[in-house]
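Subject: Structure handover, disulfides

Dear colleague,

Please find the structure below, with the sequence. My notes on the disulfides follow it.

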Amino acid sequence: MGPLLICAIFSMIGFAKMTTMTKQYKLAILPERYEELKVKSDSNDHGNSGGQYKKASTKQNCLEDVRVPKTITRTIPNVIHFIVQSKCLPEEIANAHIKNWEAIDHHSIMYHDQNSIDAYMSIVHKDFPAAAATYKCAQDPLAKMDLAKLMLLWDHGGIAVDIGHIMGPAFENGNLIQDRDQCVFEVDGDLAANPRFLACKPKHTALYAAIVKCITLMPFVDDYQPQKYTWEKRSHSIGFARTFMTMVKSDDGNVKIKGQFEGDEIVQINATAINGDLFTSLPMSNETVNEIRLSAISREDQEQCQAILRNDSYKVDVKSLLDLVEYGKKNETCSRNLKFFKSKFDERSISEGRKIPKIVHMTSKSQCFADEFVEVMNKWAFKEHSIFIHDDAAVDKLLSREWPEFPMLQEVRSCINTGAGLADLWRSLIIWEYGGKRDVFLPFTFTNICIHKFYYSPS
């Protein structure tokens, strides 16, 4: 419903049984499906968007991937990912990469051009069903790159570095990433994350959290409300993981801070405490920056995204909603001193052109209530509004549905062991599916259930 189920967005489901999931990663460089997409795009183009073959100009060099045998000794695969508009880069950038990165031992280097990334991100990812639409409709090329980078690491693992950087002595010494490290990122003296570098095993829980956060922070194409993808937003995508670290252990004078994130190990590199630079930024003109970053959204895609974002046809499946609450069923026999409160449907509560239906959803164990509760509930009987009581059976029916937008929902549900937790999950789903008002006064905020095993963001 509404603004781009895009934002399936706000991928509210997260960390259920992630410990099991994260053990299923493979220490491989890239699976065949991605390779097929990459070969196809490379055969059509040397990396520029638009599908036209691009030859290197007199001031450009075209880079080639560097591959080494797969490793079975390191948890984080020894492959370095760069995302760039084209493999044909300005000479000063290409030559610096050839001299610097291609000299590194025992690492594969993958240059992902726009064609291959666009093809990869167009795939519907089961873990993140909103990612494809989010990527397509992102307003800022840097935001698109960050989401694609995180998705590559989620699927394949490895090391992701912004294209405009070469390794410094702290990276060259070979001790930055240890064999058993699971996820490594960089922080400064104030412990703010630097998004230029991230290394992780596939399916690390911190990556899941970062992708969900990246989607929620994504600036979409919308002329009415232009947004900027700031450095702070980039940093926050991965930096917030630090706030949930437990079992923190500091080594080497705060050079490395090790901890646990939802059962997976995580390491912070304090760039201000290490001996030598971790990376060096290459000097680039604005023209060079525009040449190497992903291209902006096409006019055609922009028009499609705007049409979806501004879609006013917020239709509610009334029949499904009435069936869910068993509207019109015979009054339940209530025990002594309790009264049956009947759901009330007013056709005027759903009107064309109104985005938020005039519907009040309430949940309770049954539809039998004490007098004082009935009195309070009657106060919600606003004019031209519907009120629906969702008892335990109705809640179970909604949660038991197949939800393609939230493929991990059943795993999350099995993790929740309190009625309040299930009620929170139900509230999110009922508003997602039917719209209206909730029977709570707290706004949707960052919420964690089952010791952060269930994660969702504002919708």
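The link of C62 and C88 is right-handed, with 85 degrees about the S-S bond. This pair joins distant parts of the chain: C62 sits in strand β1 (residues 60–62) and C88 in strand β3 (residues 88–90), 26 residues apart. The sulfur atoms of C62 and C88 are 1.9 Å apart, and a disulfide here is a pair of cysteine sulfur atoms within 2.5 Å. Strands (E, at least two residues) and helices (H or I, at least four) are DSSP runs, numbered from the N terminus.

Please note that this is a predicted model, in which local features need pLDDT of at least 70 and side-chain atom pairs count only at pLDDT 80 or more, while totals for chains, interfaces and linings use all residues. Residues are numbered from 1 along each chain as its sequence is written, and side-chain values use heavy atoms, with hydrogens and water left out.

C62 is partly exposed, at 28% relative accessibility, whereas C88 is buried at 2%. The cut-offs are under 20% relative accessible area for buried, over 50% for exposed, and in between for partly exposed (1.4 Å probe, protein chains only).

How many disulfides are there by this rule? The count comes to three. The other two are described next.

C183 and C200 form a disulfide with their sulfur atoms 1.9 Å apart. The torsion about the S-S bond of C183 and C200 is about -50 degrees, so this disulfide is left-handed. C183 belongs to strand β7 (residues 183–187) and C200 to strand β8 (residues 193–200), so the pair ties together parts that are 17 residues apart in sequence. Both C183 and C200 are buried.

C334 and C368 also form a disulfide, and their sulfur atoms are 2.0 Å apart. With a torsion of about -80 degrees about its S-S bond, the disulfide of C334 and C368 is left-handed. C334 lies in the loop between α12 (318–324) and β13 (339–340), and C368 lies in strand β15 (residues 368–369), so parts that are 34 residues apart in sequence are tied together by the pair. Of its two ends, C334 is partly exposed, with a relative accessible area of 22%, and C368 counts as buried at 11% relative accessibility.

Regards
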